[in-house]
Each structure stands twice: as C-alpha cells, then as structure tokens.
Amino acid sequence: MMQDMAATSRRRAGAPLRELRRDPEHGMVAGVCAGLGRDLDVDPLLLRIAFGATSLASGVGIVAYVLAWLLMPAAESSGETRTGALADAAGRTGRAAIEVAFGVGFLLLAILLTFRAVGLPFSDVLTWPLVLVAAGGALIWRQSVGGPPTADAAPAPPAAIAPAAAGAPQSRPAVTSRIGVGVTLVVAAAILFLQFTGALAAATDVALAALVVAIALGVIFAPWFVRLLSSLSFERAERIRSQERAEVAAHLHDSVLQTLALVQKRAGDPREVAALARRQERELRAWLSGARQRPGDEQRFVAALQAAAEEIEEAHGVAVDVVAVGDAPLDRDGQALVAAAREAMLNAAKFAGADSAPVAVYAEAADDRLQVFVRDRGPGFDPASVPADRRGVRESIVGRMERHGGEATIRSSPGGGTEVELVIERSTP
Amino acid sequence: MSPRVVLVDDHELFRAGVRAELDGLVDVVGDAATVAAAVELIREQAPDVVLLDVHMPAGGGLEVIRRLAGEPAGVRFLALSVSDAAEDVIAVIRAGARGYVTKTISGADLADAVRRVHDGDAVFSPRLAGFVLDAFAGAAPAAAPEVDPELDQLTPREREVLQHIARGYMYKEIAQRLGISSKTVEAHVSAVLRKLQLSSRHELSRWAAQRRMLD
C-alpha cells in the first residue's frame, strides 16, 4: 500500500501541471518555505520569519505550516539525471528524516503549549507522549513513504537495474535503524502514557497484552516480511548473475566473436585460419585459468618457456606444444636456456613449415639440472654439413649454452626431423 | 578386422568431424551426446573401443566408465579431450581408460591410437606422459607395508620411454633409439598405465590437487 502511495506521488511529481511544491533539499524543516519562496519568487527567509511570527502570536503559523506540508508534494530536484536523483534522494531522506522528526516533535509541543496558553483544558499526561508519538511517527512515515521503492520498480532490463539498485543496499540498513528509532519513540510514548495514568501498575497484564499483540502482529506480517526478504536476496543473486553474464559476454565478444569473424573473412587461407584459431585457443585457455594464475608466475622457468613458444607460434604460424615437468625460478642459467630454446624453436618453425606436425617442446626441471628438448618433424639435415658461419645454430644455441656451462646436442637426419637437446647443470639447487 | 568404435561427445560438430576423419579407417558403429545415452548405446553395441570425451554435462567420461562398471566385458576406453587439466585426465585414466589423446590429434593418428587400444596397449600423448612423469617425480614415499613399492615408482627404462613420448617421438622411433623392439616399448607403456591406475601413491591425488592450484 505504501508502495502504491509512493508510486502515485511520483506520478504526480512527474506531471507537467505546475503546482506548489515543497523543496526539501533547501528547506529547514520540510521545505515548505523554500518551495513557496521559489515558486512565488520571494526570499524563503522572509516566509520563515512570517511563519515564526504567526506561530509565536497565536499558533496559526504552525497549523498553516503543517497543512502546507501535508498538501504540498515534494519537488524532484532539477538538473540531475534520474539515477543521480534516485541515489541522492536515498541519502537525503535519511539525513532529513531525523530533522523532520525533531521538527514535528517541536511543532506539536509548540501547538500543545499554545493550547495551554490560550486556556483550553488540557492534561499534562498527554503532552509528552503525544510529542514522542508525533516524532516517532514522523520518522517512520518519512522513511516508508519517502524511501526509493527499488524492489518493485517496473521490470527493467538487467543493465538498468544495476544503477538504480546501487543506491539502495547501502541505505537499507540506515533506513531500518531509523525506523527502529521511530518505533522506539512510539513505544516509549505508550509506556510513558501508561506510567502517567498509573496503568503500568498492572505490569503483568500489560506485558501479557503486549505479548499477545506482538504475536498477532507477527502472524499477520510474517508472510509479507518473509516475502520481502526472499525477494531482496533473489534480487541480489539475480544482479550478481547478470553482472557475471555481462562480463563473460563482453569477453567473448572481444575475443572469440572477433576471431570467428576474422576466420570467416580469411576462409581461403588455411594457414592464417589455423594461426588465428590457435591464438584464440591459447588466449581463451589463459583467460579460463586466469583465476588460478599466481602473481610472480612470469618469473618461473616454465612460464618463460611457454611465453617464448607462444611468440614463435604467433610469428610463424606453426603450432608449438610445450610439455613441462617440474618448475624452477628463472635465474641467469634459466634465462640463457630459455633464450637458446627459443632459437631452437625458431629454427624448427622456419624449416619444418606450417603444414607439418606441431613442434614438440619438452622441458624438465629437476633440482640439479634443467633440460629442454625441441623436436620438429621437418625435412631434417645432416649436422656435419652445416657451414661454420651459420650463426643461428653455432652462436645462439651451442655458444650460448657453453658460455653458461651447459651443453647443446643436435640430432637430425634427412627425412627424420630434428631434435635439439639443451642441458644446464644447476649449481645451486 | 577394423575395431568397432562408439564415439561419445556432447558437441555434435566435433562428433561429425571425428566420424568423417575416421571414415574408412575404423568402423564407427554409433555416437552419443549424453552420459545416459552413451551408457545405453555401449551396452547395446558392445563396441571394441569407446572414444570418450572427458568433459560432458552430468559427470563426463568418468561417469560413463563408472556406470558401466566393466560391463559389457572387453570394451576399452580412450579419453579424448580439449582439457589440459591434469586432474581430469588422471581421474579418467585411473577410472580405467587405456589412454588419453587431445582433440587436435590428426585422423590417422587417432585411428592408430584406437587400433592400439583395441590391441590392449596404452596410448600416451606427450602431455599425458608429462603429467605422469610429474606425478611420479622424486623419491617414492615411505609406503605403507601392504602397498607394493613397485607400483609407486617408475623404473629408469619406463622413465626413459615416457620422456621420449613427451619429447614427441613415436613408439617406433623410441624403439629404434633405445635399441629395443616396439613390443617392448608398448610393454613399458602398459606397465606405466597399470602403475598409474593401481598406484596408491598418495602423492598422485595430492599432486593433481596441487596442479589445479598451480596451473
């Protein structure tokens, strides 16, 4: 029901008709003077003085103010985006609610004091409880009517839910606590009244009655409350799900769909298509295992070797499969070994050609030595026939290994493919 | 006589591709897309070899092997997967699959692998060989007395054979390089498979769990 009222007031607020509105944003109590001042183009301070003066004189000002408050709808703040206004409204109602409660309490106190001054027969028994009830009631009403009804907002697409709901979760506990304060005030008022009238003497009766009433209320409101709670948790789960879905969708769109589009375009070039598919596969695998990647992985021997393999694969369109056993930190020896292995993979990719079987890289990292084998199924060659000026093999592979106290062995035979074996003994395990 | 093969994979495109590649090489007698359908089909057809996808809804290849529980007799499983995850592969092998190949394998190699599994041998892809070497690396644990310590470590020869598989050598080439017969290579590989399946080496499960965290 409250939500219906909120919806109505919002609809009214959105109507094009020009009408008097309160301006709670700039107001001292409820924004009546600020709103009137804005609409009538008068300084609100003048209006406030006028209200104050009439209140002091006979109380008419107070009555007029309360009436105006009840009758004038609150203005929506202008010049803000809708979501901004919603989020802001949540914070504003929270801040203003306390002030409003105080305001209502004091106003009522003033009215009652005025009545007494005028001479109406009036009992003190009523004064304080009434003031407390008014303040507490104002707090509760203010919260329940003014709060942004996010849960029952018109079904919006997932993207629209997120910003609207963003302001709600943080204000929800605050709202609850303010309602709690209001309820406490009202209950205190009731107890105070009973105390004054002497009814508290029959404490047991009251406690029993209160218990019965509480249970009755509990039974009445339990289903509503449970439904509210479950709808909130459902909404939150739904929001998390939709965010995850959006993230996965964004990634797939950026990567897989792009690649598929490229594959369709280049359908005539099998080599290019294979390279694209391979790169995408690697990228997707990396993403899928991304959560398991640990920081500092790039400082490891196997990771460096894999990175080198990927680089060769991408540059030459030849598949390079890395199988690794064990791992080690990437020290100077490890770096030299990876560099030499990279050169060996490069040779394999160049001479083996794109159509052949993948280049097989096997790495074994034991405590006492690092070992890498790079094998291709290319045409092969006779190692003895390699001219001495071939820098690739001599310098980058054999020379580099020897400088680091390692060893490179090349096995090849025409037609049987080539295997490069690289070993480095590790000085410090 | 070419082996009768059942193909189990939840991707229709992939099944069609494998069927086309194996056409004429082996006798594909049926395919299934779900665990339940696979179990039914295998009971009905009693094929020689089942090509089994590791990852499927409702338990995957592991569940198919479990539900069949050795019936009908004589059916051999070969795991086929895009997964590189060691724990998945090791789990299917330990459940009874005779080998593991990745889905990027060529049609001829796959047919060869099927024939080898049909003959009772084990099929190790380079990656699986790497996993096994990794799992059996280091000294054998101080085994419980009732455990056969033989099962908990690889012989130097087995290690050598596995290393060659991981390096990308074919069985024939390995035999040549090590100066042994192809049959001996196959015997070594089958022995490793048996160790992998029977070993109670508690490192194996712990290793797979660690692998999951590190990979």
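B:Gln197 lies in helix α9 of chain B, which spans residues 182–198. The model is predicted.

**B:Gln197 and its contacts**
- The relative accessible area of B:Gln197 is 21%, so this residue is classed as partly exposed; the cut-off for a buried residue is under 20%.
- Leaving aside residues up to four places away in sequence, B:Gln197 touches B:Ile93, B:Arg94, B:Gly96 and B:Ala97.
- One of these partners, B:Ala97, is 100 residues from B:Gln197 along the chain, and their C-alpha atoms are 9.1 Å apart.

**Chain B as a whole**
- The secondary structure of chain B comprises 10 helices and six strands.
- Of the 215 residues in chain B, 54% are buried.
- Among contacts in chain B with a separation of 6 or more, 68% join residues 24 or more positions apart.
- Chain B has an accessible surface of about 9,500 Å², and carbon and sulfur atoms contribute 52% of that surface.

**Negative patch on chain A**
- A patch of negative charge on the surface is formed by A:Asp367, A:Asp368, A:Glu402, A:Glu407 and A:Glu425.
- A:Asp367, a member of this patch, sits in the chain A loop that links β2 (359–365) to β3 (369–376).
- A:Asp367 counts as exposed because its relative accessibility is 61%, the cut-off for this class being over 50%.

Key:
Residues numbered from 1 in each chain as written. Chains lettered and ligands numbered in written order. Predicted model: local features only at pLDDT ≥ 70, side-chain atom pairs only at ≥ 80, totals over all residues. Heavy atoms only, no water. Patch = residues over 30% accessible without salt bridge, like charges linked within 9 Å, V, L, I, M, F, W, Y side chains within 5 Å. Areas by Shrake-Rupley, 256 points an atom, 1.4 Å probe, with all protein chains shown as cover. Salt bridge = Lys/Arg side-chain N within 4 Å of Asp/Glu carboxyl O. Lys, Arg positive; Asp, Glu negative; His and termini not counted. Charge placed at Lys NZ, Arg CZ, Asp CG, Glu CD. Helix = DSSP H or I, 4+ residues; strand = E, 2+ residues; numbered from the N terminus. Buried < 20%, exposed > 50% of the residue type's maximum accessible area, 1.4 Å probe, protein only. Contact = heavy atoms within 4.5 Å.
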